[in-house]
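Open the model in your viewer and keep the selection tool ready. We will go stop by stop.

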Amino acid sequence: MNSVIPPSLYDLLPAEMDALIAELGMPAYRSNQVLQALYREFPESVEEFRQLPAEGRAAISSRYRLSPAAEVRRVASADGNTTKLLLRMADGTPIETVLMQYPDPGEKHPRSTVCVSTQAGCAMGCVFCATGQMGFERNLSAGEIVSQVIHVARLLKQRGEHVTNVVFMGMGEPLANYAETVRAVRILTDGRAFGLGQRHITISTVGVIRAIDRLAAEGLQVGLAISLHSPIEELRQRLVPTAGPHSVQEIVSAAKRYFKATGRRVTFEYALIAGQNDSPEVARQLAGLLRGTPTHVNLIPVNPTAGGFGRPVRAAVLEFERILVGAGINCTTRVEKGSEISAACGQLRTDQANTIIPAEELSLAPVAPMHGRRQAKPSPSPSQTR
Ligand code: SF4
């Protein structure tokens, strides 16, 4: 990040906020007031910290800025359930954030899942992924990750709704930006900060094994989704070129260790690509690989525009799922949310203007019930194929 740009208040853990307030010579209770404002009121400037005297606001502003995320464009899917936001960071870097909403039976408000980016671009180069084709620009800071959630929370608050889930499945490989990803999780789940339940967060990875083991030891209860895409070594390496050193067997072993350490069953994401990894024989090999592993498989028929790869016909998807379920593997086929606005799996990139509408022309569309679509377990596992 550009060194002349001050850090964001959203980079700070509550204990660090306490230290800052003390350092600035303010009484300790001011820290809770600032945290309340940041995470309950979602202000757009430090000037909105009404509880603080003018000199307190000035002291904070001299060291920190509020939020690095400014909305540039917004586009909503026709059913209003998916909204893609193009946000610009303080140094001008564009990134994308997606809001996915699911009617929640019995609940007044929909389930609202924010899919955050952890990097601008991505170095992993998955061949079916638009972000991967952009290349890597830079890591995002924890404040830049948290600010994406805050931005959406502010929009939802205007209509009496709130963020219920966060998935780290947007642009980038979260575990390749480990420290900032974990810091963002801690800020989002701290009761004095955003206060989201840890079990309402899912981190998605292509399978960075050392980082998975490190995450398992963090004492967190976040969900983990690993992008597998093939049980066959050589095919997986073709689809996820940077997965090189890790065999599929090592990845499954890491998933077992994660389950043992956290009690959380790992989800395996599987992008189904016509003619590549969607045959009944591959399904049987996948079932064999995962037998006895406490897991859930998320089948994701690959989205249009993803590197020229094709989506399998429906019969092939159903057959693939039938073989897994028949072998006792928990499995669902993911709802395709937002593909018409390039907000779905493998479609996030910031260097292409698709059907984007200027933000001021759109408010968040109301949530429509989903019809005629097979609904996978709604969350937390909806977005990115890695
Ligand atoms: S699928 Fe995920 S890890 Fe792979 S290139 Fe795209 S953003 Fe990166």
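In which sense do β10 and strand β11 pair, and over how many bridges? Select residues 266-272 for β10 and residues 295-301 for β11: the two strands pair in the parallel sense over 7 bridges. Strands count as paired if DSSP finds at least two bridges between them. Here, Phe268 stands opposite Val297 in β11.

Some ground rules before moving on. This is a predicted model: local features need pLDDT of at least 70, side-chain atom pairs count only at pLDDT 80 or more, and totals for chains, interfaces and linings use all residues. Residues are numbered from 1 along each chain as its sequence is written.

**Stay on β10**

β9 and β10 run parallel, joined by 3 bridges. Ser227 has Glu269 of β10 as its bridge partner.

Colour β10 by burial. 7 of its 7 residues are buried. Buried means that 20 or more other C-beta atoms, placed from the backbone, lie within 10 Å of the residue's own. In a regular strand the side chains alternate between the two faces of the sheet. Look for that here: Val266, Phe268, Tyr270 and Leu272 point one way, while Thr267, Glu269 and Ala271 point the other way.

**Helices α10 and α11**

Select residues 280-290 (α10) and 314-326 (α11). Their axes come within 9 Å and cross at roughly 30°. Axes are lines fitted to C-alpha atoms over the stretch in contact, and angles run from 0 to 180 degrees between N-to-C directions. The two helices are therefore roughly parallel to each other, a label for angles under 35 degrees. Show Pro280, Ala283, Arg284, Leu286 and Ala287 in α10; they meet Glu319, Phe320, Ile323 and Leu324 in α11. Contact means C-beta atoms, placed from the backbone, within 7 Å.

**Helices α1 and α2**

Jump to residues 14-23 (α1) and 29-41 (α2). These helices pack at about 130°, with axes 8 Å apart. On α1, pick Pro14, Met17, Asp18 and Ile21; on α2, pick Arg30, Ser31, Val34 and Leu35. Those residues make the contact.

**Zoom out**

Show the whole chain. The protein chain has 11 helices and 13 strands. These are DSSP runs, helices being H or I of at least four residues and strands E of at least two, numbered from the N terminus. Of its 386 residues, 51% count as buried.

Key:
Two residues are in contact if their C-beta atoms, placed from the backbone, lie within 7 Å. A residue is buried if 20 or more other C-beta atoms lie within 10 Å of its own, exposed if 12 or fewer, and partly exposed in between; C-beta atoms are placed from the backbone. Angles under 35 degrees count as roughly parallel, over 145 as roughly antiparallel, 65 to 115 as roughly perpendicular and the rest as oblique.
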